[in-house]
Amino acid sequence: MTAVQDASALPTQQAETGSRPRLLVALTIITPLAVLVGLYMALFNARTDIDQGDVQRIFYIHMPAFIGAFVALGGTVIGGIQYLRTRQVKWDTLALAGVEVGIALALVNLVTGMVWARPIWNTWWTWDPRLTSEAIMVLTYAAYIMLRQGIENPEQRRRFAAVYGILAFITVIITLVITRIRPDTIHPVVIGPSVQTDMAQGAFEVAATSGVRTALMVNMPVWAVLVPITLMWYRIRLENFNQHIQALKMKALS
Amino acid sequence: MTLNSELETRNFLIETRALVKAYGLLPVLRKLDLGITRGEFVALLGPNGSGKSTLLRLLAGLSKPTAGQILIGGWTLPDEAAAVRAQIGMVSHKVLLYENLSARENLRFFARLYNLPPAGVDARLAELLEQVGLSRRAADPVRTFSRGMQQRLSIARALLHNPDILLLDEPYTGLDVDASSVLDGLLRDAHAGGRTILMTTHQLDSAAALAGRVVILSRGGIGYDAPTAGLDGARLSAIYTETTSMVSAR
Amino acid sequence: MKTPFLKAVLSIVRKDVQIELRSRELVSSMGLFALLSILIFSFALELDRSARQEAISGVLWVTVVFASILGLNRSLAMERDQGNLDAMLLAPIDRVAIFFGKLAGNLVFALVVGLLLLPIMTILYNQNLLQPWLLVVLLLGTFGFATVGTLLAMMTVQTRARESLLPIVMMPVALPVLLAAVRASTNILTETPIADWIAWPQILVVVDIIYLVACYLLFEYVIEE
């Protein structure tokens, strides 16, 4: 039937299914190298913290990983808003990639935090406001994935996911600012002004030890920009392949 | 487009142009062109999944088209949906009623939503309830009604604001013989009152008897479109089988 | 041509209240749940006098949240099951009126349950919860839950998992409301000077406004097809 061949009327997307673009190839090489350089700066270049010892080095990954999650989940908000405006599938794909990479980086942040907390706070986990709110944040995005799986109609799934992806970002903002609005947290605030210097356990001065600033300056762009963007790009490609296959299946069936 | 065909299209009360609706990558309607003039009674036939309900939901503004145009009474959908909605009454195979409210309360609620002038509402409700034969049960909650009574009330709800267009999505579902013939009568009256009716159904006999024109949808397009003059149920059944099996044989 | 916005909202609220007066389904199930929840908490937490003062606002708000979820699910499932949502979408009304109508109804039912809870908890926990500021916080808190809840329940009743999905998607998003409401209530009940906690009701107002605007903007995407 001719109507099937007339693809222009159907919601197709220019699926990027060819060979990898040059920038992605570059990122594929640069990102792992940058992670290694970051690790070198964190593990060998920075001096050992006087109070905490070697375990403080976790911080160079811990905090940048959260910023990376923030960037990825911010991508979900942008994808959601743009999807609702334009109804182009590519924006929903961006949102989905953002959620999955965001969850992964938030878990990196949580696990490194737990490893650090064991010697410093003498426990793996404590029901501190920030730890709790980040755990809830991860669960929110798990709920996002459950919501997607609960909806049969793909158009409806994308629409609802966009709405929820926008609302869910509230939990990210809460996690970010909670150490400033809940004075009873024991989580240290290293960057920026803090209202709770006496309660926090395990804080340190960025300027106190040599190499700390450098290690942070290197790791921050690696984990906050390179890692999320590279991972999300691959996730988006995977999703495009997936949709391409679905489209071919549909064509074969009809 | 020539001037002539431009003039011709203006006579349609309901018109779709290259209408496409797809769920994900699965197309349900494929560039459907359909025109219905004022006062026609059109029966829309087709197997399950042929896009009948989808077409009705699109015309009612409950669903947005993927591509193409819908024109109703000179208004375009979905941009001028609110204006179009006031002209449309719809009966679905779901009854669209609140079962804990009485028949009259249900109608009164929808009368408010349709902004009917409060002064005439009581009289209008009494008239409608009389018309669908539910006057004596008007104060009873809808959940105590039989399927046929609920469906009649549902038609009263659709006629409440005196719409020009009546869309019916398989109104015969779940009705017994008596209830079906009551429904036949109601539809004849509505059509005689000058309304344009588009009805999907699997009841070929009712379609041949009531409608002035039959459209058979198959594979998201129009497979057959002709007046019912000279058609009876058996003849229509043969045409239906021919139109739809042509497709499944492929 | 179009029905005036306020008239549409009011007729939807009126219809919901009418149905509730007829069936008493929502308030009775929410109220019974809330009562049971209070009893279960008092056994489970083995609350003594000092622990009670600390825990009581937590018990109050957890109960209010879950009772709200119960009510929201029923209220929107009712629109979905009989296809009544379609009937409202067919009417020549501004579709956001449906959101405000359902929101107002859900808020009223949640408030009724909350107002029943206060005297009951006052008696059972031997602590005075009938304080004007607590009523203000109760109003602000239930408003926040009803706002996100109405939007999210409208979404979840359209999914396969239905009832079970609403608490999962709603709890995290409602967290800011819960946080501020619990903080404010604890301070009110421990009779802390007002200057120390007035920030919490203020935060609650800001959060409520943000949610109302966000849900207002997002609602049309939840009901279209």
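pLDDT is the predictor's confidence in each residue, from 0 to 100. This is a predicted model, in which local features need pLDDT of at least 70 and side-chain atom pairs count only at pLDDT 80 or more, while totals for chains, interfaces and linings use all residues. Residues are numbered from 1 along each chain as its sequence is written, and chains are lettered from A and ligands numbered from 1 in the order in which they are written.

**View 1. Confidence along chain B.** Chain B has a mean pLDDT of 84, and 94% of its residues reach 70 or more. Helices (H or I, at least four residues) and strands (E, at least two) are DSSP runs, numbered from the N terminus. Within chain B, confidence is highest in helix α4 (residues 103–113), at a mean of 93, and lowest in helix α1 (residues 3–9), at 47. The pLDDT is below 50 over residues 1–7 of chain B, a stretch with one contact in the model beyond near neighbours in sequence; two residues are in contact if their C-beta atoms, placed from the backbone, lie within 7 Å. Where pLDDT is low, the predicted coordinates should not be read in detail.

View 2. Strand β3 (residues 41–45) of chain B is largely enclosed by the rest of the structure, because five of its five residues are buried. A residue is buried if 20 or more other C-beta atoms lie within 10 Å of its own, exposed if 12 or fewer, and partly exposed in between, with C-beta atoms placed from the backbone. In a regular strand the side chains alternate between the two faces of the sheet. In β3(B), one side holds B:Phe41, B:Ala43 and B:Leu45 and the other holds B:Val42 and B:Leu44, all of them buried. Two strands pair if DSSP finds at least two bridges between them. Four bridges join β3(B) to the parallel strand β8 (residues 196–200) of chain B, where B:Met199 stands opposite B:Ala43. Strand β9 (residues 213–218) of chain B also pairs with β3(B) in the parallel sense, over four bridges, and here B:Ile216 stands opposite B:Leu45.

**View 3. The largest nonpolar core.** A nonpolar core is a set of buried Ala, Val, Leu, Ile, Met, Phe, Trp, Tyr and Cys residues joined through C-beta atoms within 7 Å. The largest one has 205 residues, and B:Leu167 and C:Val173 have the most contacts inside it. Helix α7 (residues 165–189) of chain C gives the largest share of this core, 14 residues. Not counting residues up to four places away in sequence, B:Leu167 touches B:Leu56, B:Leu59, B:Ala60, B:Ile88, B:Met90 and B:Leu198.

**View 4. Two residues of chain B with positive phi.** Most residues other than glycine have a negative phi. B:Asn162, in the loop between α6 (147–159) and β7 (165–169) of chain B, has a positive phi near 55°. B:Asn162 counts as partly exposed because 13 other C-beta atoms lie within 10 Å. B:Glu170 lies in the loop between β7 and α7 (177–192) of chain B, and its phi is positive, about 45°, although it is not a glycine. With 18 other C-beta atoms within 10 Å, B:Glu170 is likewise partly exposed.

**View 5. A buried lysine in chain C.** C:Lys15 belongs to helix α1 of chain C. C:Lys15 counts as buried because it has 23 C-beta neighbours inside 10 Å. The C-alpha atoms of C:Lys15 and C:Lys102 are separated by 10.0 Å, although the two residues are 87 residues apart along the chain.
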